Amino acid sequence: MELKDLRPAEGSRKNRKRVGRGPASGTGKTAGRGMNGQKSRAGGGKGAGFEGGQTPLARRLPKLPGFRNINRVEYLPVNVSRLEAKFEAGDVVDGESLKAKGIIKHADALVKVLGDGELTKALTVKVDKVSASAKAKIEAAGGKVEEPC
């Protein structure tokens, strides 16, 4: 067998349908498109992404990438190492005192104390959230944590 002897399998190749070639061809005049309507006309039909009148996915999704959760609650992180450096033993750590020491900009901001660093002073911490490791370090140093419910 040589290259010249290769032939496609019987029935695997079909001639393309030549439409609009006169009334005797079987697909003349309207070229298989029917009489009237959107799809009978040149350029007719639904556009890419058309969803039957429903707002298309491309318009339902935001323009820019990423996702911003509107219910997200942002906490300002404050490590126990900052409390060690800025506060004296027996001080109360709350929004007002954190603002006074220059750790946060606004006294009413939500604050979460995190457990990075060491703490040797007994402090009373009254902030919005305290991590488990920070709570253990504060209580080990003789302080106490008062979280709002």
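A nonpolar core here is a set of buried Ala, Val, Leu, Ile, Met, Phe, Trp, Tyr and Cys residues joined through side-chain atoms within 4.5 Å; buried means under 20% relative accessible area, exposed over 50%, and partly exposed in between (1.4 Å probe, protein chains only).

Before you click, know that this is a predicted model, where local features need pLDDT of at least 70 and side-chain atom pairs count only at pLDDT 80 or more, while totals for chains, interfaces and linings use all residues. Residues are numbered from 1 along each chain as its sequence is written, and side-chain values use heavy atoms, with hydrogens and water left out.

**Stop one: the core.** Select Leu83, Leu98, Val113, Val125, Val130 and Ile138: of the 19 residues in the largest nonpolar core, these touch the most other members. Now colour α2 (80-86), β3 (111-114) and α4 (132-140), the elements that give two or more residues to this core. Helices (H or I, at least four residues) and strands (E, at least two) are DSSP runs, numbered from the N terminus. In soluble globular proteins, nonpolar side chains tend to be buried together.

Stay on leucine 98 and show what surrounds it. Leaving out residues up to four places away in sequence, leucine 98 touches Leu83, Phe87, Val93, Ile103, Ile104, Val111 and Val127. Contact means heavy atoms within 4.5 Å.

**Stop two: serine 40.** Jump to the segment before α1 (57-60), where you'll find serine 40. Is serine 40 buried or exposed? It's buried, with a relative accessible area of 17%. Its side chain reaches the backbone oxygen of glycine 37 at 2.8 Å. Setting aside neighbours within four places in sequence, serine 40 also contacts Arg33, Gly34 and Met35.

**Stop three: the charged pairs.** How many salt bridges does the structure hold? There are 5, each counted as a side-chain nitrogen of Lys or Arg within 4 Å of a carboxyl oxygen of Asp or Glu.

- Start with lysine 4 and glutamate 2, whose closest N and O atoms are 4.0 Å apart. Lysine 4 is exposed, at 61% relative accessible area.
- Next, pick glutamate 51 and arginine 60, which meet at 3.2 Å, N to O. Glutamate 51 is partly exposed at 30%, and arginine 60 is partly exposed at 44%.
- Then try arginine 72 with glutamate 74: the closest N and O atoms are 2.7 Å apart. Arginine 72 counts as exposed, at 57% relative accessibility.
- Finish on Lys126, Lys144 and Glu146, which are linked in a network of salt bridges.

Terms used. A polar contact is a pair of N or O atoms within 3.5 Å; within protein, one must be able to donate a hydrogen and the other to accept it, and residues adjacent in sequence count only if both atoms are side-chain atoms.
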